[in-house]
Amino acid sequence: MAGTATKLPHIVSVFNECQETSLSHDRLLSSLMDLYTRMPFSHFAEDFFELCRYSLVSAERTVFRERTVDFIVRAVVHISANAAEREDGNPRNLLLVKMFLFCAKYHECVKHAPRFRCTQFIHKLLEAMGSEACLPVELFDIIQRVLLRRSTDVKPMIRVQAALGLARLQNPTDRKCPVIEQLLWLSRHDTSPDVRRAALAAIVLTTFTLPVVVERCRDVSDAVRKTAYSILAQRSVVRPLSIAKRIAILQDGLTDTSPDVRKAAEAVVIAWFNFLDQDPILLLRRLDTEGVPKTSKLCLDHLLPNLEEDTLVTVITKWAADYLDERHIPKPDRCSVECVFFWRVIIEYLLKRQNADDTSEVNNQVEEGGQISHAATTSSSPGQIAALLERITPSVSDYVNFIIHRVDSLLVLLRADVDYNENVMEAESVLEHVLLLCESLDLSDEFGRRRLFDVVRGWLVCPQVPASLTKFLLKIYFNLESNVQNRVLKVAEMTSELLESAEEATKQQNLSVQTTVLTAAGTSSNHGDVSSRALSDGRSPAEPSHQPQAKPLNKARETYLRIKVAELKVKLNELNESLSECIRVKDFERATSLRDECARLEGERSALLHELTGINLPICMSDTNGRPALSASSVHVSGTMKAETVTEEVVEIIDSEEEEEENDESDPKVILVRRQIKYLSRLSADVVLKANKMVVVTIQKSPSLWSLPPSLRSLLYNLILPSVQHTDLAIRNQAILALGLCCTLDLALTKSYLSLFYEAVKLDHATVRVTAINCIIDVFVIFGLHPFLEVAEKFDEVDLDIGDLVLLKSGRFYSGAINTTASETISLALRLLAPMVELIDSDDADLRTAAGVGVAKLFIFGRLLSGRLISRLLLLWFNPQTAELPTLSQSLGVFFTDFACSSPERQACVADAVLPTLTILVAAPATSALSEIDPGLVVDLLARLTDASCLFPKVQSRVAADGGEDYKSTDNPCHDDLAMRLSNRVLNAPQSAEARLYIRVLSQLRLSPYKAQLYKDLLRMTDLMFKKVERSAFLSLHRFRKNIQASISASGLTMDDFLLEGSDVVVQQSAPSLSPHAEDRPTLLESPGPSKLNLEEEEGLSQRTLIAQNAELRSTVAGLSFRSPSLASKLLVFSDDENNDKKEGEGEGIVISEKEGEEDGEASMIQTRQTSSKPLTRSRIRVCKTPTTTTTTTATRNIRTAPKARVASVVDREAMPPPSSSIAKNNVRKKSEALRSNVRRSSACSSTRKK
């Protein structure tokens, strides 16, 4: 024992010295090793673990404590690994086992510090043991059980250490491993980002855990996302991921808002590039370059700048040798989408580098000598870039020949296959990237430039070139033609030429069909089919087949025949209607006669048409619409008449029948549109789509076009409006878009055709509806809603509860806002907004996105204000279904911040949305998606958005300039108004679910200073709320009252200025609640004394004395003959954070004194007997409150809040010193005995009355 006593101070010195610096740890480990070998193990372990306990008492991450922990871990591992076999027979790693058991012994402590240190010890020990270390099965189970238990600890710092420790205990080959399941759960569901990050880093990457890592690439925390991308970059994971996941990973990471995450995503791209042997084509093939070129472009834009100079030169040289020929054109067998795409991107990148180097060289030359020498050292890089460009850039002539070859190949594929297949789509994609390459070429060669211009123009007017290339061809054409007016005029001419070319192609196609039919008919006649044709004509087979030739008609005869055909058509329509009526009433006899009459008129009509056209049209009955339907029999054409002329006449006669029915007084534009509808229906759908695309791209690429030119106005009636009624969906969509773009250039045109967009929104396909919504929103953004109120008079009435709508005439609402409160104006505006507002709740994701973003545009561009519409947008943003729509969620997220922080008026509009939003959330049924929304998140957002401190600095400066001397930077008018409105709502229904949510908002409001009247009103309403609301809302009410006190203190006032009036209010509110038999109830025999004992500020008493006093007080109250809750609830400190419990308890806890305990006991008895028929909850609410003043009646002495108690206590302590603990105990004992005697007297009186 003497030896132990001499060695123990040496161990203490080792532990003391290890805290100073980590450089001495190696020397101290040797000293500790010597002590271990010389001392008995039991003595060494006892002293060692006794010193280790000192490291468990604090969780503070100081440098000295961390050094001690690291030294202990190193010592245990070092001794267990290097110690010799002991003579007492103990194993070498016995100290390690004891250390694990030591941690398992204290890991369930109440204090979080021992739990944290034990978990940290286990984590560091497992990490320091090495990859080949082994543990006994029993010890392994103990460690696993401890770490799994600590992974669910309430402290995030402990869960982090547990997750890091579990990394060594997982079995990657077992899907049901409890460690892996716990790590996956922590990485996905833990509330702390540090825990999610630690669990994610601890997971072994397998095919089972890979989806979770990919999922964390979209975590809300930047650190977690960065960790997920770092894991993918370290493992170079490519093959196990699908193409869709690769695209999502790169798209999300490279466009992330955090620079650290973007850098980690770039590391993923580089890792994938190195994994694929630094081949850019293989990298692009791992992505969907053809379907999603945007992501591939993003990938190369972040890859190329991060490559070293030598690597970049090697990659480009190797690719050019494998894929380009001597003309710097892709080889025919290597001309894939990936090859052409990389060709275009690498040329654009090198040109950008060259321009940047030229700019920096110019800047360096104007600087001083030191900088000039630096520029000379880096001058070799531009020359190398120029050489690479020359190696891969073709000439203009070679480029034109190449695109001509590609277009011819595409046309061959289109002629071979009627429907699109993969080869056609790939050829179009290749051609698109080749056309985009034109922007990087040097067009200074006039010959090549003119040839390119002619080739592009020829393709634009060619009906065979698909419409998908229109955008890229026009882009080249606009680069060659810079004048906007000439550009628009030339495009209008090319559109007309395109339609004419398509019409000629249609005629030639019909001619070829007719020629084929005639050839087939002549062949059949040569094979002896004369008898059948003779029988069909009513002749004998012996009679020769003779067809009379059509005689030429003069103009008068032709007009007469046309009029007769039209008259017969009218009669046939009337007879068909009569025939249908007879069949409906089952008058079959008359129906038979009408049928015969129809057949006779049809024969006359066929004869007239034969005389007019020379074609033997068969007699046919009319269809249900009254239009004659030709049979399927072949039409014999006279040999002297050309097939083309015959076809034209037949189509013209049949189409002209409906045209002649039109009224002569109709609008010429309407007649023109109707004729164009029939005209376009004969053309190819791809040609009509191409023509509309040309109009759309022309307007979109002409930003300086502010009015609708005559050339585009002519296309409006000849092309766009007829295409709106086309049967093809893509054509209708492009036509609606073209019409919308034209309307943005002309207000009168918009008024004429605004109803057309609303019809499309109601009746058309979802794609067309989205386009129509966008057009309506753009028109409203440009012109506002006021010009279209007269158009809205023609619309139907709508039932929308948006009575706070305000229309703005100008985008600067603070200077041109007009509060249109007239019901008619609001009604007309709601008719215009109704389709968009209704589609906010649509089941279709695209419609919901278009409507939500469109309404947000109207707000952000200053066209309207409405709190209820903002409420609809808030609920749409918080809807769980919106999380699956990134465009909608991101747009609304940016909108709320920009809108609320851009001006005080807009912030007030958001404040008006608070009450409707919270009301709808509370009233949402369980089946609604809104029931899944966390109201706390909504409350936090609304409190931040309506805070005046969130305004942009420029806005605050402008408001300060407009306010002048009366403006104060600390004013918060929105929160002041919300405090009054929410308080009134709470008092109207204090027991409702809405009241609890309103109180939660109140607790987060920041009131303006220097508003004394506001503070008085709020204090009155707060006292009333304490009486009426449920106990669960007391915490938020205390916070609200604390905010009021903070505002009072910031205003230079004190609570004494508000105490008297507050107590008067309590008396007035509580006096009527007394029972008429209150005089029969016992009262106190003497007034309370002035001395009060503040339990939290008394320095002379220990914690154990305070507990004894509280226990004695509880026993005194418990002796009363009525049921009431314990007074220990008065000692509760209302706080959410356990770290701030002590601080908040010292600052604003409820103060209890002996005298108040007696008064509360009696008041509790009175209130319980008074409200005996009410639920027990109300009795508990009464007991938990302290008296307001010491001079009020016993009925009103049971309510007092913490700040007033604190003020009264301070005043009394200034009047006289606090009593000692013995005097306080005697006072409590005396008052308790007096209170018991009163209770007995009252019980005796009540029993006498009953008898």
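How many helices and strands does the secondary structure of the chain come to? The secondary structure comes to 56 helices and 2 strands, where helices (H or I, at least four residues) and strands (E, at least two) are DSSP runs numbered from the N terminus. This is a predicted model, in which local features need pLDDT of at least 70 and side-chain atom pairs count only at pLDDT 80 or more, while totals for chains, interfaces and linings use all residues. Residues are numbered from 1 along each chain as its sequence is written, and side-chain values use heavy atoms, with hydrogens and water left out.

**Figure 1. The chain as a whole.** Of the 1251 residues in the chain, 47% are buried; buried means under 20% relative accessible area, exposed means over 50%, and partly exposed lies in between (1.4 Å probe, protein chains only). The accessible surface of the chain comes to about 62100 Å², and 53% of this surface belongs to carbon and sulfur atoms; such areas come from the Shrake-Rupley method with a 1.4 Å probe, and for residues only the protein chains shown count as cover. Among the contacts with a separation of 6 or more, 73% are between residues 24 or more positions apart, a contact being heavy atoms within 4.5 Å.

**Figure 2. A salt bridge between arginine 149 and glutamate 108.** The whole structure holds 39 salt bridges, each defined as a side-chain nitrogen of Lys or Arg within 4 Å of a carboxyl oxygen of Asp or Glu. In one of them, the side chains of arginine 149 and glutamate 108 meet at 3.3 Å, N to O. Because arginine 149 lies in helix α7 (residues 137-150) and glutamate 108 in the loop between α5 (94-106) and α6 (112-128), this pair ties together parts that are 41 residues apart in sequence. Arginine 149 is partly exposed, with a relative accessible area of 44%, and glutamate 108 is also partly exposed, with a value of 44%. Both residues belong to a network of salt bridges that links Glu108, Arg115, Arg149, Arg150 and Asp153.

**Figure 3. A salt bridge between two helices.** Arginine 188 and glutamate 215 form a salt bridge in which the closest N and O atoms are 3.3 Å apart. Arginine 188 lies in helix α9 (residues 178-189) and glutamate 215 in helix α11 (residues 210-215), so the pair ties together parts that are 27 residues apart in sequence. Arginine 188 is partly exposed at 37% relative accessible area, and glutamate 215 counts as partly exposed at 32%.

**Figure 4. A salt bridge between arginine 595 and aspartate 596.** The closest N and O atoms of this pair are 3.9 Å apart. Aspartate 596 counts as partly exposed at 46% relative accessibility, and arginine 595 likewise counts as partly exposed at 46%.

**Figure 5. A patch of negative charge on the surface.** Which residues gather in this patch of negative charge? The patch is formed by Asp288, Glu290, Glu422 and Glu426. Patches are made of residues with over 30% relative accessible area and no salt bridge, with like charges joined within 9 Å and nonpolar side chains (Val, Leu, Ile, Met, Phe, Trp, Tyr) within 5 Å. Aspartate 288 lies in the loop between α15 (280-285) and α16 (293-303), and at 31% relative accessibility this residue counts as partly exposed.

**Figure 6. The surroundings of valine 697.** Valine 697 is found in helix α31 (residues 685-700) and, at 10% relative accessibility, counts as buried. Leaving aside neighbours within four places in sequence, valine 697 is in contact with Lys471, Leu474 and Phe478. The C-alpha atoms of valine 697 and lysine 475 are separated by 8.6 Å, although these residues are 222 residues apart along the chain.

**Figure 7. The surroundings of alanine 929.** Alanine 929 is found in the loop between α43 (914-923) and α44 (935-945) and is buried, with a relative accessible area of 18%. Not counting residues up to four places away in sequence, alanine 929 touches Asn879, Pro880 and Gln881. Its C-alpha atom is separated by 9.7 Å from that of phenylalanine 878, a residue 51 residues apart from alanine 929 along the chain.

**Figure 8. Two loop residues with positive phi.** Most residues other than glycine have a negative phi. Glutamine 278, however, has a phi near 55°; this residue is found in the loop between α14 (259-275) and α15 and counts as partly exposed at 36% relative accessibility. Histidine 328 has a positive phi of about 65° although it is not a glycine, and this residue is found in the loop between α17 (309-323) and α18 (337-365).

How values were computed. Lys, Arg positive; Asp, Glu negative; His and termini not counted. Charge placed at Lys NZ, Arg CZ, Asp CG, Glu CD.
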